[in-house]
Amino acid sequence: MSGNVRLLSDTLAAAKEEGRSALIAYLPAGFPTVDGGIEAVKAAIEGGADVVEVGLPHSDPVLDGPVIQTADDIALCGGVRIADVMRTVREAHAATGAPILVMTYWNPIDRYGVERFTAELAEAGGAGCILPDLPVQESALWREHAEKHGLATVFVVAPSSKDERLAEITAAGSGFVYAASLMGVTGTRASVSSQAEDLVRRTRATTDTPVCVGLGVSNPAQAAEVARFADGVIVGSAFVKRMLDASDDAAGVEAVRALAGELAKGVRGQV
């Protein structure tokens with residue numbers, strides 16, 4: 001079965017045709033529970049997100065700040081497994097028709113088996129993977145299987161990336177390019193780094209693939225700011241924080257839905 005890389009591309013293109021950035025939400029699988037996480041992903045899309053990244057909880061999340069680490073710890077203590085991540089993708093995509101990606105570090109895939117992981121993700125209706133710690137020069141095996149199964153390979157670029165390195169990364173990736181707006185870990189911040197716009201400009205000089213910006217976007221005003229220059233606005237910690245602060249799981253799901261609605265207005269310049 002083929003995955004949904006085309007659906008991802010079409011969704012990003014449709015947002016561009018509407019004259020706006022796409023809203024991409026991040027939520028970890030298994031948080032606060034597997035069922036609760038599935039409901040949160042569906043709520044994000046129903047609230048206004050175009051795409052969702054489902055995080056595969058990891059014990060050593062080098063890119064993730066304290067908010068997402070807390071959620072990952074809850075999921076891992078709850079016994080979340082890769083099968084639960086696949087179930088989250090499958091049920092969320094089936095319920096919404098939206099493109100769902102998995103964001104994961106390389107070690108869990110390597111241990112699980114690349115062919116097994118890509119085949120199961122495609123069967124679940126997944127659109128692809130974001131792989132923040134997989135070096136492009138070591139990605140041939142992954143890309144071979146991802147392409148075979150119709151999955152996008154999304155690499156992360158950073159403000160420190162030189163132009164030659166950007167060209168190497170964007171040539172190997174597909175779906176979109178994840179532009180980290182700053183050097184550091186995920187988390188909500190008072191303002192979005194001024195480096196983000198320059199990074200998008202330099203990345204676009206190397207590729208026609210959409211460039212989406214994450215790290216530090218947490219409110220509608222910041223989403224509107226990034227939407228001026230990026231093809232997509234990625235928000236993670238703000239969603240997770242709303243769930244952590246909620247009085248119970250149901251309230252957390254509704255908080256995700258509400259934030260998605262607020263951010264959707266932001267990417268449309270309605271703030």
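In the predicted model, helix 11 (residues 237-245) packs against helix 12 (residues 249-267) at an angle of about 145 degrees, and their axes lie 8 Å apart. Axes are lines fitted to C-alpha atoms, for helices over the stretch in contact, with angles running from 0 to 180 degrees between N-to-C directions. Helices (H or I, at least four residues) and strands (E, at least two) are DSSP runs numbered from the N terminus. In contact (heavy atoms within 4.5 Å) are A238, F239, R242 and M243 of helix 11 with G252, A255, V256, L259, A260, E262 and L263 of helix 12. The residues of this contact comprise 8 nonpolar, 1 polar and 2 charged; Ala, Val, Leu, Ile, Met, Phe, Trp, Tyr, Cys and Pro count as nonpolar, Asp, Glu, Lys and Arg as charged, and the others, Gly among them, as polar.

Strand 7 (residues 177-180) is covered on both faces: V177 and A179 on one side, and Y178 and A180 on the other, are all buried (under 20% relative accessible area, 1.4 Å probe, protein chains only). Strand 7 runs parallel to strand 6 (residues 156-157), to which 2 bridges join it; strands pair if DSSP finds at least two bridges between them. V156 stands opposite Y178. Strand 7 is also parallel to strand 8 (residues 211-214), with 4 bridges between them, and A179 has V213 as its bridge partner.

Residues are numbered from 1 along each chain as its sequence is written. Local features need pLDDT of at least 70, side-chain atom pairs count only at pLDDT 80 or more, and totals for chains, interfaces and linings use all residues, while side-chain values use heavy atoms, with hydrogens and water left out.

Key. Buried means under 20% relative accessible area, exposed over 50%, partly exposed in between (1.4 Å probe, protein chains only).
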